[in-house]
Structure formats: C-alpha cells, structure tokens
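User: Could you take a close look at how helices pack against each other in this structure, and explain the terms as you go?

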Amino acid sequence: VSTPPALLAVLAEQPIPTGIADAVEQLTARYKKGISGTRAMRSALDHAAYITARMPATAAAVRACCKHIDFTTINSVLDFGSGPGSALWAITDAIENITKLTAIEQDAELIGVGKQLAHSSTGIMHNINWIIGDIRQPPTLEPHDLIVASYVTNELSERERIQLAHTMWQLARHGVLIIEPGTRAGSHAIGQLRQYFLSLGAFIAAPCTHTQTCPLSENTERWCHFRVRVARSKQHRASKSATLGFEDEPYSFIYLTKKPQPTPAMRIVSQPRVHKGAVDLLACHADGIQQLTVPRKNKAAYRTAAALNWGDGYSAS
Ligand SMILES: C[S@@+](CC[C@H](N)C(=O)[O-])C[C@H]1O[C@@H](n2cnc3c(N)ncnc32)[C@H](O)[C@@H]1O
C-alpha cells in the first residue's frame, strides 16, 4: 500500500510553479524545526510545495494505517486539520462504502486547493463538506464513525493536543486515528495521546498489542514508528532535485476504538533481518521489547517469520 493511485493521477495534472524547489526546501526546514503555534504554509507556492512533496507521503501513511481498521461499521469520516484532504483520499481508496466526508481546516486557500483536486476525482470525494475552522475551538460538529487527525497534532501545544483528543473521542462513533511524523517528537506525542485515550477507556486496535507502559517510551535508541515506501512522481523528484524514484516515509500512529478489536500477540517494530540460518525479529508485546530468532530448521515458523514486515502483527507459534 502506498499513495492512492487516484490521488497520484490528479496530482500529475497539476502545474508546477516556478520556484517550487526552494519552496519545498523551506517548507521541509520549517517542519523539521517544529511549527507549534505558527503556520507552516503561508502562500500559494507553499500549498503547491505541500501537494507536490508532502501530500503523496502523508496520504501513503494514512493508507498504510487503514489496514488496521475494520471498515465494516465505518460510513462517515471527519478529518481534523485536513489540509488538502490527504487522509480522505487515502480512506476512500481503502474502502468504497463511505457516504459522508467532512474536513475541517483553518487555511481557506488550502481548502480551495483540496476542492480543486477533489473535483477531478470521481465519487464521494466530490461531496466533501469542507469547514473553515480552528480545531482548537471547533464549531459544533456531528458525530462521525471515524475521526482522523493526520500530521496535525504536532502543530498544537500539549494542552491543545489533549483537548483535541477529547473532542475527537466525543465525536467518534467507532474509531479515532491519529498519525504523526515518525520522528522521536511525533512518537512522543502519540505516546502521550495513548495514555490519555487509555484514561478515557479507549481500546487500542493498533499498533499496540497491549495497554502496559509503552516499552519504547523510555528507550533512548528506538522510538515507535513505521515506514511506508512512496513512489516519487516526475514532479515530486523535480521539486526535490532528487534522482531516486521513491522515498520512505516514517510515521507514528495510533488507532483507538470504542469496542475491543482482535489484536495480534506482538507487533514487529523494526525491519526483520532474514539471513541464511534464521530470521531475526524485534517484537513489542505486553512484557516489553523482545529479540526473537526463528531458525531455518523450524520450517513453517521460519517461512512465516521470513514473510513478515516492519509493522506486521505476529503470534509466535
Ligand atoms: C502538515 S498539514 C497536514 C494536512 C493533512 N492532514 C495531511 O495529512 O496531509 C497540517 C494541517 O493542519 C492545519 N492546522 C494546524 N493547526 C490548525 C488549527 N488550529 N485549526 C485548523 N487547522 C489547523 C494546517 O493548516 C495544515 O493544513
């Protein structure tokens, strides 16, 4: 799973303004520095930079999270800090039977960009209810089945982030999905949200397989994150003066539900190493982080382990 093909097709039609490479560089620098309390995007050129260089990656991260969602009860989605609608592109790619989409975003011009992209698509993306608003003091909103915040809460203070989590939980009929950049700071923010949601009685559907203290929260070498491979289009490559046809997007996330969902015993939290005699796995479970070695001589177990990827669930037999 990666960037939804329909989104890639629409993005490929977008004109590339002069100066985009500089705009991408400056936008990336602003995100790296941290933008709590300020606006990262300030001009039409910034918006073009975002949809060219970031939207394919954020949509791919949301799309990757969708594999943890049981969509049987999800018909409506509300997206907080939607930007140009990246998460909604990802979710409507994952599931067809969505009948209601709502996006709330502070930047009216970015909503304009999102509308223009959605108009070139078919189906439900045409009917997004776009709301200009501040997610720190949102207007009255109707409950939705799934509430999403993708690459947004790191733009808020800790207090505002918890307040938003509270609002999201109140509005959710079934689930809340929060995604952040897969940096130490992003993972830390997700860890704080995890504690808060647990205090509300939420169930964690993914990535955690338990509700014990996160064994990575105090770890100095690792933090909880995953990766998705994103194909770089011609425009994307040009905007970054890059030659490689892909990039790996690191992301941290949590998916919480109102009712418990079946979870695997463990989660693979690093890329498995397959070598001649064995597969080495790093797995997170209720007792902490565990290094596992599955020797080749255990044929069936080895085959299962060799097919695992970073982020997969695992139940050792
Ligand atoms: C990094 S972008 C993410 C956009 C989109 N969710 C995605 O995944 O690509 C963060 C978005 O959150 C919006 N945002 C940040 N703070 C906000 C606030 N207080 N109220 C509404 N929107 C906000 C920004 O305007 C921006 O569009």
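Analyst: Helices α3 and α4 are oblique to each other, because their axes cross at roughly 45 degrees and angles under 35 degrees count as roughly parallel, over 145 as roughly antiparallel, 65 to 115 as roughly perpendicular and the rest as oblique. This is a predicted model, in which local features need pLDDT of at least 70 and side-chain atom pairs count only at pLDDT 80 or more, while totals for chains, interfaces and linings use all residues. Residues are numbered from 1 along each chain as its sequence is written, and side-chain values use heavy atoms, with hydrogens and water left out.

Helix α3 covers residues 44-65 and helix α4 residues 86-94, and their axes come within 8 Å; helices here are DSSP runs (H or I, at least four residues), numbered from the N terminus. The axes are lines fitted to C-alpha atoms over the stretch in contact, and angles run from 0 to 180 degrees between N-to-C directions.

The crossing of α3 past α4 is right-handed, a term that applies if the near helix is turned clockwise from the far one by less than a right angle. On the α3 side, Tyr 50, Met 55, Thr 58, Ala 59, Val 62 and Arg 63 take part, and they meet Ser 86, Ala 87, Trp 89, Ala 90, Ile 91, Asp 93 and Ala 94 of α4, where contact means heavy atoms within 4.5 Å. Sorted by class, this contact of α3 with α4 has nine nonpolar, two polar and two charged residues, with Ala, Val, Leu, Ile, Met, Phe, Trp, Tyr, Cys and Pro counted as nonpolar, Asp, Glu, Lys and Arg as charged, and the others, Gly among them, as polar.

Another pair is α6 (residues 158-171) and α7 (residues 184-199), which pack at an angle of about 50 degrees with their axes 10 Å apart.

Technical notes:
Helix = DSSP H or I, 4+ residues; strand = E, 2+ residues; numbered from the N terminus.
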